[in-house]
Amino acid sequence: MPDPSLTRKPGERSRRERRRRAEVARARRRGLRRLIVLLAMLGIGVVAVVSLAGGSGSPGSPGAPVTGKQAGGERAFAVPRLLNPHDVYAADRPGMLAPAVRKFPSRVYVPNSESNTVSVINPTTYRVVDRFAVGANPQHVVPSYDLKTLWVNNDQGNSLTAIDPRTGKPGRTVPVTDPYNLYFTPDGHYAIVVSERRARLDFRDARTMRLHHSLSIPCSGVNHMDFTADGKYLLTSCEFDGKVVKVDVANEKVVGSLTLDPGGMPQDVKLSPDGKLFYIADMAKDGVWIVDADRMRKVGFIPTGAGAHGLYVSRDSRYLYVSNRMEGSVSVISFATRKVVHKWRIPGGGSPDMGGVSADGKVLWLTGRYNAEVYAISTSNGRLLARIPVGNGPHGLCVYPQPGRYSLGHTGVFR
């Protein structure tokens, strides 16, 4: 069916304006907290009450393969069995490139949101080797489920631009409403376009991008997600109202929600290697929430640094790299202890945002969102290996190819 909403509603505020207003409000809250601390030091009693609301949906069953029928009996829902039921990232080890990508040249694709371009970096030389124009406000570069195509999410351009990773060159552009982010159902049947402005997830044919079903999400600022180990459910973050929402993937319906903090700004979402917990970066709370994947309950919070934003799993599944955008640092969380074991600061400061880990696991690549640059960081000691100038507003870069049998989307979520 055709997409009835390719034209933006008049009067809509831009996402950039909303984020800037949210960050200003966050700065004001920080100032208020400092005032409260000062008053407390002067002997004036202050009582702070924080109300946290929660909910639960149907539990998933981490580690189990899924077969079954979608609601209405339209199709079978079958997810590839995990290589290791105790590690959802077992297929992402160094050198485990799928046959489809083994001959692709290694490149880093950087969408420059404010320049409407993509910069292409050779990771061996740390040099930009190509640059080409795409649609308005490109946000992320996303590997397709079958690994054969990279999709540039032209958010305000209402389109997706295909990149052929064999050549690194752009190809066709497909009209798609508000593609802020892009994911794929774990069975590979549908693409899930995250339409943040319209507060919905658009399920589209993974190959043709033809619209199948639009699912309204009851939150403000839907943007990032990850899937349970069995692929039955996804958990998506809501940036502007501090909560996460759970969706039944096969039946394409909302089944639960959980408020992390009413004043929070949840960002990237990653499943723990054992499939039991979701980690959610919170840019306003400067840390990472831990949520039980079955019961949809908060089980912890890990302070990391100002503006916690992107989450990336190490190639050995032991660590989670957290980019702290407002602090210019990366925190390293141990999955075993659920504690920060290292903090790597970018010399001279920066704004580390979205990215990914190199195929061999030795380099963490991140965009410098407010600095028009890209950072290459050693995962062995946190040393800055390179600082590469790119276009304005670089966002969700994609390191490609990466290990994995299939892509679930974003800048590289592989199983």
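Me: A salt bridge is a side-chain nitrogen of Lys or Arg within 4 Å of a carboxyl oxygen of Asp or Glu. By this rule, how many salt bridges are there?

Reply: This is a predicted model, so to speak a computed one: local features need pLDDT of at least 70, side-chain atom pairs count only at pLDDT 80 or more, and totals for chains, interfaces and linings use all residues. Residues are numbered from 1 along each chain as its sequence is written, and side-chain values use heavy atoms, with hydrogens and water left out. Going by the salt-bridge rule, the count comes to 15.

Me: Let's look at one. Which residue forms a salt bridge with Glu373?

Reply: The pair links distant parts of the chain, 14 residues apart, with Glu373 in strand 26 and its partner in strand 27 (residues 384–389). Strands here (E, at least two residues) are DSSP runs, numbered from the N terminus, as are helices (H or I, at least four). The closest N and O atoms are 3.2 Å apart, and the partner of Glu373 is Arg387.

Me: Is Arg387 buried or partly exposed?

Reply: Buried means under 20% relative accessible area, exposed means over 50%, and partly exposed is in between (1.4 Å probe, protein chains only). Glu373 has 11%, so it counts as buried. Arg387 has 34%, so it counts as partly exposed.

Me: Which residues are linked with Asp178 in a network of salt bridges?

Reply: Start with the pair Asp178 and Arg197, whose side chains meet at 3.1 Å, N to O. Asp178 lies in the loop between strand 7 (169–175) and strand 8, and Arg197 in the loop between strand 9 and strand 10, so the pair ties together parts that are 19 residues apart in sequence. Asp178 is buried at 0% relative accessibility, and Arg197 is buried at 17%. The residues linked with Asp178 in the network are Asp155 and Arg197.

Me: What about Asp353: which residue does it form a salt bridge with?

Reply: Asp353 lies in strand 24 (residues 352–357) and its partner in the loop between strand 25 (363–368) and strand 26 (373–378), so this pair ties together parts that are 16 residues apart in sequence. Asp353 counts as buried at 0% relative accessibility. The closest N and O atoms are 3.1 Å apart, and the partner is Arg369.

Me: Now for strand 17: how many of its six residues are buried?

Reply: In a regular strand the side chains alternate between the two faces of the sheet. Here Leu277, Tyr279 and Ala281 point one way from strand 17, while Phe278, Ile280 and Asp282 point the other way. Strand 17 is largely enclosed by the rest of the structure, because the number buried is six.

Me: How many bridges join strand 17 to strand 18?

Reply: Two strands pair if DSSP finds at least two bridges between them. Strand 16 (residues 266–271) pairs with strand 17 in the antiparallel sense over four bridges, and Ile280 is the bridge partner of Val269. On to strand 18 (residues 287–292): Leu277 has Asp292 as its bridge partner there. Strand 17 and strand 18 run antiparallel too, and the bridges joining them number six.

Me: Which residue takes a positive phi in the hairpin of strand 17 and strand 18?

Reply: Most residues other than glycine have a negative phi, and most peptide bonds are trans. This hairpin has four residues between the strands.
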